[in-house]
Structure formats: structure tokens, C-alpha cells
Amino acid sequence: MLITKIKRVVRSGFNSFWRNGFVSFVSVFVMVVTLFVIAGVVFSGALLNSSLEQIRNKVDINVYFVTSAEEEDILAFKKTIDVLPQVQSSEYVAKDKALDIFKERHGSDQSILQALEELGENPLRALLTIKAKDPSQYDSIAKFLQSDATLSQSGSNIVDTTNYPENQVAIERLAKIVSAADKLGFALTLIFVILSILVTFSTIQLVIHSAKDEIAVMRLMGASSKYIRGPFVVGGIMYGLIAGILTLGLLYPITLYVGPFTEDFFVGINLFTYFMANFWQLCLIVLGSGVIIGSISSYMAVRKHLKV
Amino acid sequence: MPMIYFDKVTKIYPDNSVALEEVTFAIEPKEFLTVVGHSGAGKTTLIKMLLAEEKPTKGAVFFESKNIHKLKKKEINMVRRQIGAVFQDFRLLPNKTVFENIAFAMEAAGRTDEEIQSDVPHVLELVDLGNKIWNFPHQLSGGEKQRVAIARAIVNQPDILIADEPTGNLDPINTFDIVQIFKKINELGTTVILTTHNKGVVDSVGGRVITMENGKIIRDDKSGNYVL
């Protein structure tokens, strides 16, 4: 009997969806708008993240080692740095490499090259460039650099200086901007999503409100709440599925068109590539949101009229 | 033992209008009861009480010695499945065909697909609408709609058939036909409660008549005529 009931509920939901053509069309249309907002939020989140990532990648601190530091000690030190939870990566630049880079940069300046020559030895220090996972974590990395971990096997300090004190203000400000942008992005996302869900919810409420008398008659015939509600929920799920498919279908040409622009504007992310790369995930988000919003709205809207 | 018993039922709506006042009466099985009265006399409220659509402010309504308004939702559903209801405005489901409208009542009562397939055409033959089975309500005339509503009300072979002003929107010929159908249903053993303010209907039924005025029963005649 359960299967028969489910079959009847689904068939009835399906029928009323087609027979209420115009109403269904309007509901689907409103739902498409909502799902577009949700997809837009996902895309702008990706753009924001990519931009913030680019900014984060530009931030690092350099640790300069004393000229007498042994390479062995420096590499051991690099190992301790690399296992720190705050550290994303570190890059070691040996003394000779530092000299090469210096010469290359000042290749046209004869006087500097001459001065180097006269010194006879490499005056440059080896350095380690450290990138943190998050800009706010540089402070704790800097503190670590002042601890005993910077001692060599023989007990002398191998770290000469770091550029953290000079960059500190800039890094801290950046950290604040990044975290504020994150928070703002989240708040905006939440507001947009809630607003658009409310619009869909109200539309479905109106649609079901117009079936108020019908629900009352079903009640008077002794139909159970579940049996009355079922077809409406099926209808809500159909709004969600159809709107979801339409939204995904529209996103393809739209992202294809704006993709190249976003690549220029927002450092290095093409929305179309993003869309294709995350297609199944987006499918799940868009269709899932549609089905959930549609079914829950219908469920709640019918409940109001079931009191008879 | 009466099938239905109204025990000093009073209904006062939130706007303080008194729809029923200390109404007491009993209905026996297989009776054909006509309730007459002007608009606003309380006939429709009486019907709503019986269907548990409204709760009495005071008093109680018993159906087969159960207090209808003390029942749980599920039990109310069971009671409603034993009552067929027909309304002045037909109240068909607009997006369902004639077949589906009647099938819905059977589905709600938990009948099988086989029963639905065999009973729906049969009951439509009874009300002489066999050829309109796939039409939608908006494609039917008033009389046809009311006959669909009656078919829907009787398809589960209810113990009682309630009809609230069933002929209110119909012309005299359709009215006559509908009354004949009700009489037939009553002869087959179903209790019928009919409200009307149509003198012709009361006279052609010829059974027990309760007359209401301002929420009170002012006459209860075993075999009455329209006397308002």
C-alpha cells in the first residue's frame, strides 16, 4: 500500500504541476532567480578567494643568516620551520645564489660590481623566505624566530636579522583586510541567500494559498495530512529540479562569455574554467538548493492550511 | 440509539455573532432530514459542526456515540470518511478530472487501484455522467458539477450523506434531478441530511423537517412541509 500511496502522490504532484502551467512557470522563474543568486555567490566566493590568495602569496618574511652560518645548520633550521603548523612553505637561497641574483639585478651598474670585486669575498647573507598559511600568522612565526630554535649545533645564533619588523605594519594591515574581506563576503553571501530564499518561499506560499479551499475539501473528505501534503511537496521538488536545470543551462553560456573578462580583472581566474572544473559540485549545490528550498517551502506552506 | 446527537450545542463566532444557540436534536439511522431556514439561520454552522470543521462553544456533537470534537485528528479523518458531503459551491478539485475527483475520495479512504478502476465509472453511471469521466470541472455545467460532487460523496458508501444547500446554484430541472438522486440514495439505506431554503425541495422530499431561525430550532416536524 505504501508504494501505491507514493505512486499516487507523485502522479498527483506531477499532474498538478503541468495543469497549473502558468503558476508553475512563475514559481520556476522565481526559483531560477534564487538559484542564480546562490550560484553567483559560489562564483564570487571563488573570485574573492582567488584574489585574496594572490594577495596572500605576495606576503612573506625573509630571514637573513649570519655569514658564518653553516649550510648544514641552515638546512636543519629550514626543516624545523617547515614543520610549523603556520608555515605554508619556505625557500632557501644560499649565499652564492644570493650573489648571483644580486649581480643579475645590478648587472648594468659597473661601480657596484667593481666594489664587489674589490671586497674579494661574498658579503651577502644566505636567506630563507617564509610564507605563512595566513597573513595573521607571521607574528607568531617572527616570535618563533627569536627563540632558541635559531641556535646552531655549536650554540651560536645563526639568524642575523629578519625583515619582519619593517614589514610588520603592512602585513598586519593586509591581514586585517583579508580577514575583513572574508567576513564581509560571508555576510553578503548570507544576506543574499536568505533574501532570495524568502522570495521563493513567499511565492510558493502564495501559490499554495490559492489552493487553500482545495486543501480544505481534501480534509473534509478525510484525507490524511501526509496524503494532502505529498503532491504539493512533489510539486515543490519539481520547481527546484527544473529551475536548477535551467540555471545550470544558463550558466554555461554566461560563464563562457564573462570568463575571459574575469580572467583579466581578477588575477588569474576564468569563471568558465572554474564552472567546468567544478561542474558536478555546482550541480549538487544548485539542484540541491532548489529541491530543498522547493520542498521545505511547500511543506511549510501547506501546513498552515491543514488545520481544518 | 440515535446515529447523531446534538446536545445543547451553542456556537458563538469570534465577532460575537451567535450562530447556534442550545440546539438539541437526534438523527436516527436511515432518516432523511431536511433542515430549512433563512440565510444566517445557522444551517451551515450545523453542518460544519457535524464535519468537525468548527468546534462548538458549548455543548457536544455525538456521532455513533463518539463526541466528534474530542477525537484525535486521525480519528476525525476516519469519521469524515464515513460522511459524504455535498456543498452549494460543489467544491470539486479544479485541476483534477471527474475521474480523479472521485478517485481522490477513494484514495483518501485507502482503497485499492482495482476498486477505484471499477467503482468510479459505476458511480458516474449512477449520476448519469458516464460520458464526462475525463472532463475537468470547468468543462461541466452546474448540474453536472453537482452530480460529480454527489458521486464523490457516495462512492465510499458512507453512513451519512450531508448536503449543504446542494441545489442553491441550480435551475429547477437540475434541482429536481438532484433531489431524486438523494431520495434514491436514502432508499438504499444511507442517512441523508439536507439543508435548503427552497420550498420545492422540501415539499418533494417529504421527510422530517427541522426549521431554524436565529440559531435556534423553532420546529421539528416528523413529516413536514415548508412553513417559513
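This is a predicted model: local features need pLDDT of at least 70, side-chain atom pairs count only at pLDDT 80 or more; totals for chains, interfaces and linings use all residues.
Chain A contains 11 helices and 4 strands. The C-alpha trace of chain A extends over about 105 × 40 × 35 Å along its principal axes. The radius of gyration of chain A is 31 Å, whereas a compact globule of 308 residues would have a value near 19 Å.

Among the helices of chain A, α2 (residues 21–58) and α7 (residues 164–209) form a pair whose axes come within 9 Å and cross at roughly 175 degrees. Because angles over 145 degrees are counted as roughly antiparallel, α2(A) is roughly antiparallel to α7(A). When the residues of this contact between α2(A) and α7(A) are sorted by class, 19 are nonpolar, 8 are polar and 1 is charged.

The strands of chain A form an open sheet of 4 strands in the order β2-β3-β1-β4, with antiparallel pairing. From one strand to the next, the twist averages 25 degrees. Within the sheet, β1 (residues 61–65) and β3 (residues 127–132) of chain A run antiparallel and are joined by 4 bridges. In this pairing, Asn62(A) is placed opposite Thr129(A) of β3(A). Helix α3 (residues 71–82) of chain A packs on the sheet, where it touches β1, β2 and β3 of chain A. The direction of α3(A) makes about 165 degrees with that of β2(A).

Chain B contains 7 helices and 10 strands. Its C-alpha trace spans about 45 × 40 × 35 Å along the principal axes. For chain B the radius of gyration is 17 Å, which agrees with the value near 17 Å that a compact globule of 228 residues would have.

An open sheet of 4 strands is also present in chain B, in the order β2-β1-β4-β5 and with antiparallel pairing. Here β2 (18–27) and β5 (66–67) of chain B stand at the edges; each pairs with a single partner strand, so one side of each lacks a neighbour in the sheet. Strand β4 (residues 58–63) of chain B runs antiparallel to β5(B), and 2 bridges join these strands. Across this pairing, Phe63(B) lies opposite Lys66(B) of β5(B). Helix α1 (residues 43–50) of chain B packs on the sheet and touches β1 (4–12), β2 and β4 of chain B. The angle between the direction of α1(B) and that of β1(B) is about 120 degrees.

A further antiparallel pairing in chain B involves β9 (residues 208–213) and β10 (residues 216–221), which are joined by 5 bridges. Thr211(B) stands opposite Arg219(B) of β10(B). The hairpin formed by β9(B) and β10(B) has 2 residues between the strands, and in this hairpin Asn214(B) adopts a positive phi near 50 degrees.

Helix packing in chain B includes the pair α3 (residues 98–108) and α5 (residues 142–154), whose axes come within 8 Å and cross at roughly 25 degrees. Because angles under 35 degrees are counted as roughly parallel, α3(B) is roughly parallel to α5(B). The crossing of α3(B) past α5(B) is right-handed. On the side of α3(B), Val98(B), Asn101(B), Ile102(B) and Ala105(B) take part in the contact, and they meet Val148(B), Ala151(B) and Arg152(B) of α5(B). By class, this contact of α3(B) with α5(B) comprises 5 nonpolar, 1 polar and 1 charged residues.

Between the chains, 16 residues of chain A are in contact with 16 residues of chain B. On the side of chain A that touches chain B, the elements that give two or more residues are α1 (2–19) and α8 (212–220) of chain A. The largest share of this side, 5 residues, is supplied by α8(A). The residues on the side of chain A that touches chain B divide by class into 7 nonpolar, 5 polar and 4 charged.

Conventions
Residues are numbered from 1 along each chain as its sequence is written. Chains are lettered from A and ligands numbered from 1 in the order in which they are written. Two residues are in contact if their C-beta atoms, placed from the backbone, lie within 7 Å. Ala, Val, Leu, Ile, Met, Phe, Trp, Tyr, Cys and Pro count as nonpolar, Asp, Glu, Lys and Arg as charged, and the others, Gly among them, as polar. Two strands pair if DSSP finds at least two bridges between them. Axes are lines fitted to C-alpha atoms, for helices over the stretch in contact, and angles run from 0 to 180 degrees between N-to-C directions. Angles under 35 degrees count as roughly parallel, over 145 as roughly antiparallel, 65 to 115 as roughly perpendicular and the rest as oblique. A crossing is left-handed if the near helix is turned anticlockwise from the far one by less than a right angle, and right-handed if clockwise. The radius of gyration is taken over C-alpha atoms; the globule rule is 2.2 Å times the number of residues to the power 0.38.
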